[in-house]
Structure formats: structure tokens, C-alpha cells
Amino acid sequence: MRVYPSVIDATGLRFAVVVARFNHLICVRLLEGCTGELVARGAVAGDIDVAWVPGAYEIPLAARVMAKSGRYDAVVTLGAVIRAGTPHFDFVCQSVTDGVREVVRDTGVPVAFGVLTTNDVDQALARAGGPEGNKGAEFARAAIEMAHLCRRLPAPPEVEA
Ligand code: INI
């Protein structure tokens, strides 16, 4: 039996972080938590590229471009979608969730899903450096772990032309 251990060491790894400006106060805290954790786990600041996008809806496109560049071992997406009592919340949530999943499927690059979806601002703040911790750090750890795992897992067999 072969067991691939969980390794959360970012030494030598390169990361793209895509972060939404919408709900800026929350997203900037998630970003601090994320980049702080990447560096604390051994990443070099120069190996972390951050791309701001207008809102969560725009995250998948930027994540796709960065994942396809071949420059990154993993991508972290960060955003906050807060329910405001209109169907807009559901459309943005669905769109960003589907979009990020498709980037992973189409590129094979690990993409951490770091978009908070909450009922109100207080729930979001609680998860962005408040009583619930900083989820940005948690998303960073997921990205590091998956980058390591994907490097170790067997590559698909070469197909002859
Ligand atoms: N974008 C967010 O990141 N969070 C939200 O809560 C939000 N709400 O509620 O509307 C939101 N909307 C903007 C959207 O992501 C796009 O930027 C916009 O529709 C332009 O394409």
C-alpha cells in the first residue's frame, strides 16, 4: 500500500492569488491571511503573484488565465459573496463555484476555492481574521497541500501520436 502523506511546505512553490475587490474589507483580510500563511510555510514573496478582479464573478477567468500560464504550482481564489436578499447572490455563487471547478477540470492545476458565501457581513468578518479565524490561511494550506500531492501522484501515461 502506498500512502501519499499530507505535506504543507511551500518551499520552492509558486502561487497565483486571485482576489475580488467587492467586499474589499473582507477580501483584503483574506489576502493577508493567505499570503502570510504561504510565506510562513516557506514560499518566497517574489513567487506569489496577486491579481485583483472586480468581483467574485470575475474570479474564474483570471484563475483560468493564470493556471494555464504554466507559471504556478497552485492558484488560490479569494472573495466574499454576501446574501443581500436578492437572487443575485445565488447567481454569483453558482457562477463562481462552477467556474472554479471548471478551471480545475480543464487545466489540472490545483485551485483552492476561497470564496466565502455568507448570510451577512458579520459572518464574513468572523471568518476573515475574526473569532472563526482567517480562512485565507486555510485556503493557502489547501493550495500548498494539493500542489505537493499533484507533483507526487503518477503522471498519466504518454499517448503515442
Ligand atoms: N461580487 C462579490 O464578490 N460579492 C458579492 O457579494 C457581490 N454581490 O452581492 O453582488 C458581487 N457582485 C459583483 C459581481 O461579482 C461582478 O463583479 C459584477 O456582476 C460585474 O460582472
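In this predicted model, a backbone N or O atom of Ile-82 lies 3.1 Å from an oxygen atom of the ligand. Tyr-57 also supplies a polar backbone atom, placed 3.1 Å from a ligand oxygen, while Glu-58 brings a polar side-chain atom to 2.4 Å from an oxygen atom of the ligand. The table lists these contacts.

| Residue | Protein atom | Distance to a ligand oxygen atom |
|---|---|---|
| Ile-82 | backbone N or O | 3.1 Å |
| Tyr-57 | polar backbone atom | 3.1 Å |
| Glu-58 | polar side-chain atom | 2.4 Å |

On its own, the ligand has 460 Å² of accessible area, and the protein covers 76% of that area. The residues surrounding the ligand include Phe-22 and Asn-23, the run Gly-55, Ala-56, Tyr-57 and Glu-58, then Ala-80, Val-81 and Ile-82, and also His-88.

**The sheet**

Four strands form an open sheet in the order β2-β1-β3-β4, and their pairing is parallel. The edge positions belong to β2 (48-53) and β4 (111-118); each has a single partner strand, so one side of each has no neighbour in the sheet. On average, neighbouring strands are turned by 15 degrees against each other, direction ignored.

Strand β3 covers residues 74-82 and runs parallel to β4, to which eight bridges join it. Val-81, one of the residues around the ligand, has Thr-117 of β4 as its bridge partner.

Between β1 and β2, which also run parallel, there are six bridges. In this pair, Val-18 stands opposite Ala-51 of β2. The chain passes from β1 through α1 to β2, a β-α-β crossover that is right-handed.

**The helix**

Which strands does helix α1 lie across? Helix α1, made of residues 24-40, lies across β1 (15-20), β2, β3 and β4. Against β3, the helix runs at about 155 degrees.

Technical notes. Residues numbered from 1 in each chain as written. Predicted model: local features only at pLDDT ≥ 70, side-chain atom pairs only at ≥ 80, totals over all residues. Heavy atoms only, no water. Pairing = 2+ DSSP bridges. Helix = DSSP H or I, 4+ residues; strand = E, 2+ residues; numbered from the N terminus. Axes fitted to C-alpha atoms, helices over the stretch in contact; angles between N-to-C directions. Contact = heavy atoms within 4.5 Å. Near = heavy atom within 4 Å. Polar contact = N/O pair within 3.5 Å; in protein donor to acceptor, adjacent residues only side chain to side chain. Areas by Shrake-Rupley, 256 points an atom, 1.4 Å probe, with all protein chains shown as cover. Right-handed = clockwise from strand over helix to strand, strands pointing away.
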